Amino acid sequence: MAQAPIFMIEDVDTATQHAATAIAEMAMREISPTPGNFCVWYNYLAGSVPELRRELDALLLSGKTISSSTIQDLFDKYFREPSAEERLQQTGDELHNTLADVIRQVTQAGLDANEFGKTLTKASGSLGTGRIDAGAMRDLVSELINATKLIGQKNQALEAQLQQSSGKIAALQTRLDAARRDALTDALTGIGNRKSFDLSIQFRAQQATEQRTDLCLVMIDIDHFKKFNDSFGHRVGDQVLKLVGSKLKQMVSGQDSAARYGGEEFAVLMPQTKMFDAVDRADKFRTGLGAHALKNRTTGQVYGAVTVSVGVARYRLGEQLETFVTRADQALYRAKNEGRNRVVAEAS
């Protein structure tokens, strides 16, 4: 797993020297001064990550050509945080290995019990002959005592191992659940991402077809979103996206699911919801969102109201999902063409 960058407190002169040297090193080796490449060289020169320094020193001493791909590999190894999908895969692999270890422990316990059974059978056979002297009896009893102690110790060890494995499995299951949620969550807004939407619409469409129930799709696009970015900067644009995501969380209920479809476009699936109800709820969301102006709490600067254009479509049982989404998008485009800040249902 990648190691998080270690940020050292340096004076301006030292930091400037490291930065200049890093850029010079990259230029000499014809390595593009991208943020990732710069991060590797700067931290190498600053010595903030000892493992990175040792590895890059070894590469330099070997005389091998240090290419951009080599530096990218080092960046991925020491600085890049694994994606949600990678964390999901890593946790799944750990869980698989832990379960395999439990199976091995239980299998070994079965073999030990089998050996103990053979010892008992042997003793029973010896006693059953009726011809055993005191010395042999003493040896036989000693063997039985030792075998009993051994199986008892192994059972205690197995119990301790299984308890430890059980705790590890529970922790891994928690991590797995968290990683799965992360893989389906949009990091900025906290609602579902596109992958989450794709999975949800497949499931809900199949459910609606099997149960012959209603399913509505609400497509939402922020009006003049580019204006927020161009006029006030991307940080304000991000706050607009977060605001819409927060309001969508309040809007959904029951089996509904909200997702960031892409860029400034959002989607809400409403199972078992009639068209007029979906339109009504979408309009309440629109009016509630636009009722208050967005402003900077620190400076008091007003950025303006956030309005949205909305299109609503009803699923036609058995139709292609692409067609379903297209009809909702077409309704959304009509809302924009008709002046924005409104909800439009698909044409009957």
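Okay, so let's start with Phe38. How accessible is Phe38? Its relative accessibility comes out at 27%, so Phe38 counts as partly exposed, since that class runs between 20% and 50%. Keep in mind that we're looking at a predicted model here.

Now, who does Phe38 pair with? That would be Tyr42. The two ring centres are 5.8 Å apart with the planes at 40°, so this pair is tilted. That angle falls in the middle class because stacked needs under 30 degrees and edge-to-face needs over 60. Where do they sit? Both are in helix α2, residues 35–46, and being 4 residues apart puts about one helical turn between Phe38 and Tyr42. As for cover, Tyr42 has a relative accessible area of 19%, so Tyr42 is buried, with the cut-off being under 20%.

Arg53 has its charged end over the ring of Tyr44, 5.5 Å from the ring centre. Then there's Lys227, lying over the face of Phe228 at 5.0 Å from the centre of that ring.

Okay, next residue: Val310. You'll find Val310 in strand β6, which covers residues 308–314.

Let me zoom out to the whole chain. We have 348 residues, of which 35% are buried, and the secondary structure comes to 11 helices and 7 strands. If you take contacts between residues at least 6 apart in sequence, 67% of them join residues at least 24 apart. The chain exposes about 20400 Å², and carbon and sulfur atoms supply 53% of that.

Last thing, confidence. The mean pLDDT of the chain is 81, with 70% of residues at 70 or more. Which stretch should I flag? Residues 3–10, where pLDDT stays under 50. For that stretch the model has 17 contacts beyond four places in sequence.

How values were computed. Residues numbered from 1 in each chain as written. Predicted model: local features only at pLDDT ≥ 70, side-chain atom pairs only at ≥ 80, totals over all residues. Heavy atoms only, no water. pLDDT = per-residue confidence, 0-100. Contact = heavy atoms within 4.5 Å. Phe/Tyr/Trp six-rings, centres within 6.5 Å; stacked < 30°, edge-to-face > 60°. Helix = DSSP H or I, 4+ residues; strand = E, 2+ residues; numbered from the N terminus. Buried < 20%, exposed > 50% of the residue type's maximum accessible area, 1.4 Å probe, protein only. Lys NZ or Arg CZ within 6 Å of the ring centre and 35° of its normal. Areas by Shrake-Rupley, 256 points an atom, 1.4 Å probe, with all protein chains shown as cover.
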